[in-house]
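The following note sets out numbered points for the file. Please read them alongside the sequence and the coordinates.

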Amino acid sequence: MKKVDMIVNAPHFYSMEGKGVGYKSGVSMIVNSGQIVEFVPEEVCRREYQADEYLNLRHHAVFPGLIDAHMHTLDNIFRGLAQDTKNWMMYGLQPFENAGKDEERLAGSKVAMIEAVKAGTTTLGDYNSTMDEACRFIEKIGARGNIAQLVRSAKYKIYHPGELYEFDSAQGEESIKRNVELFDRWHNKADGRIRILFGPQGADFIEAEQLLKIQRIAKERHTRIHMHVQQGDRETYQIEKRYGKRPAALLEKMGLLDETLIAVHLTDCDDNEAKMIAAHGVGMVVNPASIGIIDGLVCPSVPFQEAGGNCALGSDQAPGNNCHNIIHEMKNVCMFNKIKYGNPEIMPAWRAVRMATIEGARAIGIDDIVGSLEPGKQADFIAVDLDCPSMLPVYTHPMRNIVPNFVYSARGCEVALSVVHGEIIMKDQKLTRIDEREYIEDIKRYPDGIGKRAEPEFRKIHGTNAHFMEENKL
């Protein structure tokens, strides 16, 4: 008998091998030293393998762990405070953003990560101006991190409509230096679970020479650039006024469109620009709910994919999206594109699952280790409880309805088990390495103080939500 660390038995496996969902049944998954060894028929497994740990998931479907490729978890402390307004940044988020303190943001960040893991996310793509605490918490809870730290040379100040950003070269150099230091501290740390990316905020927020410098540094370190790209008409305006080109054309001219770049949003790209970016080997991250709520738009992930590009899903930030739940994003990317194109076949459920797993892994450069359940890859997987009412009934012939129900019906609580690198990090909706209540109780201490500090500016701006409060609509 061969001795291994773990044997996983379940009636349904979705490995994401091939071009579909890689469905397997009647097999066991063998895990050893944090990696998937092989799938073997159940009777062969009983005869040839012995394990320290048996996961007998008799009414579950096993999927690769979900990937949230773009998150701003430090904004979670402001959840639900900036929706339903045409001026999301200035009239929605700004009063609270200006009032927030570092301690409060960190408390929100930890709860956001707990929320994500409980909904099946095993790889967290967090992105903020300071990321050491995020790396520490990801290491602590046992998840995987694909972390970017924000780089910016545009001065931090309030800009009036039409005003070009002022660049501060020293500020830009300092933020590049801090990103390099984060890389040196954390890249491939936590048993290889944390990878560090370089995070220029956008082509409009950084000097062109510094953007090229970041590309050189990222290539030298064999990592990637995680950057908002053509994320709105504001960025397009800034780039056109400064360089005389639209952002996509500028990036192409500068040689920045290649496999090193992970392009987030592409909100203001037309279909041809999206296809051009994809043709250069760039990965894309689409954040359906966030951009839908903030801008009322559907980003061009479909033409990007039609051009052969790989596209991941992201939850973005809770003041816009309201949640960090990739199951939520799988449903939204399907629904929004069906409505946009008037075509119910344009974005099927199986494609959304691939965006949350193997296609997303390819888009952000981690498909060498995760994204599918294949021999040699890390044992990152989740088990979805098919006995939950939202997943019932289960059909296996003449078609299987597990994938459609997972995408269109599941809410996140159906995820009964999350495993990263062969270790159970969440079981029965409880994280195994920490006491969740400690962090849930901690975040409750802060809203009153933030609200009191934000109130004068909230009243002065008198945006949509101030009106709603006066009219007793909130």
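1. Asn321 is buried, because its relative accessibility is 3% (buried means under 20% relative accessible area, exposed over 50%, and partly exposed in between, with a 1.4 Å probe and protein chains only). The residue sits in the loop between strand S15 (311-313) and H13; helices (H or I, at least four residues) and strands (E, at least two) are DSSP runs, numbered from the N terminus. The side chain of Asn321 forms a polar contact of 2.9 Å with that of Glu329. A polar contact is a pair of N or O atoms within 3.5 Å; within protein, one must be able to donate a hydrogen and the other to accept it, and residues adjacent in sequence count only if both atoms are side-chain atoms. Beyond its neighbours within four places in sequence, Asn321 contacts Ala289, Ser290, Ile293, Ser315, His328 and Glu329, where contact means heavy atoms within 4.5 Å.

2. On provenance, this is a predicted model, in which local features need pLDDT of at least 70 and side-chain atom pairs count only at pLDDT 80 or more, while totals for chains, interfaces and linings use all residues. Residues are numbered from 1 along each chain as its sequence is written, and side-chain values use heavy atoms, with hydrogens and water left out.

3. Helix H13 (residues 326-341) packs with helix H14 (residues 349-356) at an angle of about 135 degrees, and their axes are 9 Å apart. Axes are lines fitted to C-alpha atoms, for helices over the stretch in contact, and angles run from 0 to 180 degrees between N-to-C directions. H13 and H14 are therefore oblique to each other (under 35 degrees counts as roughly parallel, over 145 as roughly antiparallel, 65 to 115 as roughly perpendicular, and the rest as oblique). On the H13 side the contact is made by Ile326, Met330, Val333 and Cys334, and on the H14 side by Ala349, Ala352, Val353, Met355 and Ala356. By class, this contact has 9 nonpolar residues, with no polar and no charged ones; Ala, Val, Leu, Ile, Met, Phe, Trp, Tyr, Cys and Pro count as nonpolar, Asp, Glu, Lys and Arg as charged, and the others, Gly among them, as polar.

4. Backbone geometry deserves a check at several positions. Most residues other than glycine have a negative phi, and most peptide bonds are trans. His265, in strand S13 (residues 261-265), has a positive phi of about 85 degrees although it is not a glycine. His265 counts as buried because its relative accessibility is 2%. Asp428, in the loop between strand S18 (423-427) and strand S19 (430-431), also is not a glycine and has a positive phi of about 50 degrees. At 57% relative accessibility, Asp428 counts as exposed.

5. Which peptide bonds are cis? One joins Leu392 and Pro393, with omega about -5 degrees; another runs from His397 to Pro398, with omega near 0 degrees. Pro393 is in the loop between strand S16 (381-385) and helix H16 (402-408), and Pro398 lies in the loop between S16 and H16.

6. Ser15, in the loop between strand S2 (12-14) and strand S3 (23-24), is buried, with a relative accessible area of 0%. Not counting residues up to four places away in sequence, the residues that Ser15 touches include Pro64, Ser372 and Leu373.

7. Glu471 lies in the segment after helix H19 (464-470) and counts as partly exposed at 41% relative accessibility. The side chains of Glu471 and Lys473 are joined by a polar contact of 3.0 Å.
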